[in-house]
Amino acid sequence: MSTTQGLARTAASAPARSAGHHSRLNRAQAGAGWLFVAPMVVVLGIFLFLPVLMAAWVSVSDWNGRGAPWAPGVNFVGGRNYADVLGGQGLAARDFGVSIRNNLYYVILVVPIQTALSLVLAFLVNKRALRAKGFYRTAFYFPSVTSSVAITVLWLFLFSASGAVNAVLGWFSINGPNWFADPDGLIHLMLGGGDGPDWLQAPGLFGISGWEWLAGPSVAMTAFILMAVFTTSGTFMLLFLASLQAIGEETDEAAMVDGANAWQRFRYVTLPMLRPTIFTVLTLGTIGTWQVFDQIYTGTRGGPAKTTLTPAYLSYDAAFVSQDWGRGAAIAFVLFAIIVAFTALQRLILGRDNDRTSRRIERARLQATAQTAAHTVPGGSAAGPTIGSSDGPS
Amino acid sequence: MPRTTRAAATSLAAATLLCLTACSNGFSSANQTPIASESANTNPVTVLIGSSGDAETTSVKTAVAAWSAKSGIQAEVKVASDLTQQATQGFAGGKPDDVLYVSTDQLAGWAKNGSLEPYGDQLSNKADFYPGLVKAFTYDDRFYCAPKDFSTLALVINKSMWSDAGLTDADVPTTWDQLEAVAKKLTKGKRVGLAFSPEIARVGVFMAQAGGGLLSQDGKAQADAQANVDALTYVKKLLSEGVAAFSSDLGAGWGGEAFGKKMAAMTIEGNWITGAMTSTYSSVQYTVAELPAGTQKGTLQFTNCWGIAADADNKAGALSLVEFLTTTQQQLTFAKDFGVMPSVQSATEQYKTDNPAMVPFINGAQYAQNLPSMAGAADVLKDFNSQLTGLKGKDPKTILASTQKNLQAVAG
């Protein structure tokens, strides 16, 4: 979606800027631009903008799931649905708190692991010396093209009490857990279980005690975490691979001439150049992991003991199963706010000079392309300088 | 540039409003006039079912086709993969299927928002249904829909393990102490005596047997009653002694799987287990007994009804179809085709004659309890189930106290 919007913006703004002071031409071109993007704007409006508006209305109404949300008889109830979810010590708030806890551990574990793993995989399959590169690239990418439902079902079999994973653990005399039925939190297990110290027992945020907040991902959730890493690493490997190939051999060779060893080349040359891609991967990873739904829906439906309940699944459950549509929509919007907040935080931490770096790289690449084009394609020189100059000084 | 953006945004907003007003036509509020007084029409009737398998689908399709031929009204059966979601979408869109399966869990939500027609009192065979089932489908003092069929829980026993342990027919437990004793005898190696899933829908039988239950006779929350504490304490004792186990702890999806795979010698399950035993675990010989009593006899019952949508195109036709589907003869046919128990009392004797092995299940109808099903109850039960998983290491009183708090919020 964001790509399409970005394209739309570029389509509309690029001619506007290059035309400069010829305002009539500018308007005509802008009009043409809008004409071209109109079908997409209409499609996005109907299938994205309109449903979002409707959901926003449902989240502040008492719509009960029958007839249209804007039909007479549906009343505005203000922030009541949000208050049910965010405030108080009721079941609605506690369920939401539990789902946030579960998903937070999921995000904290999945995002760094999948980013690191995909980077490593990209490096491995980018090696010049590697034989059967194509095979490995396909193999690592394969889980990403498989439907998440199919992988979840596979996972249920692999991680069942008498499944393949436990059988392998058995070779090492490890008595594997009953993965998808085990609600014990990893941190709790590391601390030796029990009920925790007294000062952590009082109901805290969302009515959940400090001890429960510290439970860590349950064994069942850990299986989902492994699955997320397994399925998405391939996708992100592809992103890293693309930018690794864009860097090219020359940079690496230049660093070699300067006497940098392999680690130094990675740490001080390649990694800084990958920064925009890392930011992209982290952002996509964070958004994807906060929205985890299909695995939960297919696999555990929130169980065991609600330890795989996530806000996205809770939202579905509240609306479709409990017929509590206002609460379901409210959860969805709170989740949206959380995702925006996390992405903003990430941008603040590591994306601050991202724009500048990426713009510099982009400009260099465009100039290189323009020069190549000028040499090879007749008439290509006309397009080259225009794009280059439109970027302006930064 | 900013001007064009604003123009686009304005036109989008205008289009939005246009659609909002245009689409909002055609929805009317629920009317409460008797179905019979509505002018009869010949609109086709659609039936939405959530099927347990081919046997049920074929049987329902045959029955609906028979009614269609008799009444001259076209009828179509649709099998939902996710019934709740598909029905909900129909209700929200204002074009629901006319007749659909409704579970007790869903009744309150759909009755409250007016999606269902409360037609129960207009049924010509209303008096024939078991009173407990009528109660399960009564919301806000109105009998909403005709019970389709029902199930109860009973004790299922593995015959060869039973005799191997030196037990005879006379040893079938009728009290909690006897149940514990036979479970102990049947526990051998990794195999436990008794297994059932960690949910209120199984463990609740012990509450009923102790004279408790989550709701009192007048529908008030009483989760923390002493009888319930006794029941959970008893279950905890069985689990701690290792003579009973939750099916999930054995690595089975439900009690029937643990039983069929010989991980347990006994299980507490509903009459649907007979289907699984025949199709999947045909080598296991089993027998069914009524559940033992605590201070009284007790079991749980589960049921679905034939709901009619308030926005149905042909309510008179739908009502006639439901009456046809709940006749004594048709109920016996369903029972034969896919193993359910008839919801009408006039079919009971014939059913017992036809299915002698199922007698303990249908006898349970005399003393079976319904689980709480008011709006919001499903979430409370889910929360209770989530705590039940860890019963072995928890104080029953703590679990029941938190459930009481949640239940009071929805039941009063």
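The model is predicted, so local features need pLDDT of at least 70 and side-chain atom pairs count only at pLDDT 80 or more, while totals for chains, interfaces and linings use all residues. Residues are numbered from 1 along each chain as its sequence is written, and chains are lettered from A, with ligands numbered from 1, in the order in which they are written.

**Domains of chain A**

- Chain A is divided into domain 1 (1-59) and domain 2 (82-352), with bounds that come from an automatic or database domain assignment.
- The centres of domain 1 and domain 2 of chain A, taken over C-alpha atoms, are 34 Å apart.
- Contact between these domains of chain A involves 4 residues of domain 1 and 6 residues of domain 2, where two residues are in contact if their C-beta atoms, placed from the backbone, lie within 7 Å.

**Chain B as a whole**

- Chain B has 18 helices and 12 strands, these being DSSP runs numbered from the N terminus (helices are H or I with at least four residues, strands are E with at least two).
- The radius of gyration of chain B, 24 Å, is close to the 22 Å that the globule rule gives for 412 residues, so chain B is as compact as a globular protein of that length; the radius is taken over C-alpha atoms, and the rule is 2.2 Å times the number of residues to the power 0.38.
- The C-alpha trace of chain B spans about 80 × 60 × 40 Å along its principal axes.
- Of the 412 residues in chain B, 49% are buried (buried means 20 or more other C-beta atoms within 10 Å of the residue's own, exposed 12 or fewer, and partly exposed in between, with C-beta atoms placed from the backbone).

**Nonpolar core**

- The largest nonpolar core has 184 residues, and B:Cys145 and B:Leu194 are among those with the most contacts inside it; such a core is a set of buried Ala, Val, Leu, Ile, Met, Phe, Trp, Tyr and Cys residues joined through C-beta atoms within 7 Å.
- Helix H4 (residues 91-126) of chain A gives the largest share of this core, 15 residues.
- Leaving aside neighbours within four places in sequence, B:Cys145 is in contact with residues including B:Val102, B:Phe137 and B:Trp306.

**Positive phi in two loops of chain A**

- A:Ser173, in the loop between helix H7 (164-171) and helix H8 (186-190) of chain A, has a positive phi near 60 degrees, and A:Ser173 is exposed, with 6 other C-beta atoms within 10 Å.
- A:Gln323, in the loop between helix H14 (311-321) and helix H15 (325-350) of chain A, has a positive phi near 55 degrees, but A:Gln323 is buried, with 26 other C-beta atoms within 10 Å.
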